[in-house]
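Please open the model in a viewer and keep the selection tool at hand.

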Amino acid sequence: MVHGFRAGVLILICALPAAFADTQAVQQAERHLERGMQHYADGELSSALVEFTQAQSLAPALPMPWVGIGLVYVGQGRLESAISSLQSALSIQPDLVIAHQQLAQLFSQKRQFDLAIDHYQQVITLAPKAASGYAGLGVVLATQGRFSEAIVQFDKSIEIDPDNPVTHHHLGETLGWLNHLQQAVSALKTSLRLDPARVESHYQLGVMLMRQQLYQQAVSALKKAVQLNSRHKSAHYNLARAYAKIGKQTEAEAATHLFEQLHQVDEQVKPFRRRLEVDPSNLNARYQMAQIYAEHNWSKAAEIQYQRILVLQPDTTAAILGIIQLRMARENFQAALEWAKRLTQVQPELSVGYTYVGILSAELDLVEEVVQAYRRAIDLNPDSPTAYNNLAWFYAQRNIDLDGAVELCQMAIQRSAKPTYLDTLAQIYFLRGQYPMAQQAIEKAIALDPQNQTYQDRLQSIKDAILVHD
């Protein structure tokens, strides 16, 4: 999409009358367009919107700034605003293919199929050698149940671009709806030959094979689908059915169990997904979905929702924290550190960002950064014990500045006598050779958390040390 957009801008600029194109305002607008395109390509939608808006203000007779604004709005889920912007572009240049293409996709998404068809037909009229127009029209027709008409469009698209796996997939799926199962299988296999990692083609192939009662072959196709996407609920469901048909009951039960687990998560997110269908900019619904996915360890699905929140509102603290925690869980500490630093930039008065910078810098053994981050966290929130304890533990792990570590740990305990903090203090006293004081601290921790084996082990180490030195 980005490359097509860039080409559209350049073609449009070249087509402008020389007297108009040489004006200073248009030249400035072109520069804003270029910067906007780069931001858009990098996923920096807010910055792209600023550049496109400035370009539109400088050169109101150029249609492409409106297209850029429309694309940003699409990325932000602001569909009505996107439609209005793209229509503004067409009011300036009615034969602008990219605007018709984007409007066709938007109206299809909104299930306003007549309008989608009108715009796809405009694309075909204006660019008869562009395969995407026929393919898009075919999808809309198939969605309406006009399968035979859709197949005609898919065939035209394939004639122009025979190597597009997506079009072959849609053709196969549509042939299946017409019960032309062998032809459907052939189209889906072509899609997979062109793109062996296409999950939906493996899935649909499995479904078509099951409908032909070729259950062993269906198992192979459906297994491939779940190997590529372990959370493909429908693939697990049909795989269970296929296993049952060939008498593999244990495998069928396992696939059914996985399906039920996935279904449970889907049911939990369903109300929030419905809210987003009505209003894609509902940040609370996206956040709730992300939290559910994170609770079930669906880290990629959770991060997608956090990222979409940040597209709409780049300084959302909860979303940035969510991404930090996901990256930490995957032990991708460098990436998590970058996000923690971003949090300190968008929320410089929030101590939690610096605390995470300290935690992650410690994982990467960045000593100076650790100390600076925790000191800043303490300055911002001197009543919170976390940064005091974390910095004390960091000193203890490296056996440095143990006097300062004792002081920090005591500050943490004054604010909250958690067993974790008492354990830190015990370890520092142990390193200093103050074994009775270490024993006293760890026994207090054990009194608060008697089942903690780490504390029991530390107590034994301290007792052993006391025996040796006595």
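Select Arg376 and Tyr354: the charged end of Arg376 sits over the ring of Tyr354, 5.8 Å from its centre (the CZ of Arg, or NZ of Lys, must be within 6 Å of the ring centre and within 35 degrees of the ring normal). The model is predicted, so local features need pLDDT of at least 70 and side-chain atom pairs pLDDT 80 or more, while totals for chains, interfaces and linings use all residues. Residues are numbered from 1 along each chain as its sequence is written, and side-chain values use heavy atoms, without hydrogens and water.

Next, select helix 17, residues 283-295 (helices are DSSP runs of H or I with at least four residues, numbered from the N terminus). Its 13 residues reach 18 Å from first C-alpha to last, close to the 18 Å expected at 1.5 Å a residue (the expected span is 1.5 Å times one less than the number of residues).

Which residues of helix 17 are buried? They are Ala285, Arg286, Met289, Ala290, Ile292 and Tyr293 (buried means under 20% relative accessible area, with a 1.4 Å probe and protein chains only). These residues cover an arc of only 160 degrees around the axis, and therefore lie on the same side of helix 17 (the arc is that of the directions from the helix axis to the C-beta atoms). Display helix 16 and helix 18 (299-312) as well, for the buried residues of helix 17 pack against both (contact means heavy atoms within 4.5 Å).

Technical notes:
Helix = DSSP H or I, 4+ residues; strand = E, 2+ residues; numbered from the N terminus. Buried < 20%, exposed > 50% of the residue type's maximum accessible area, 1.4 Å probe, protein only.
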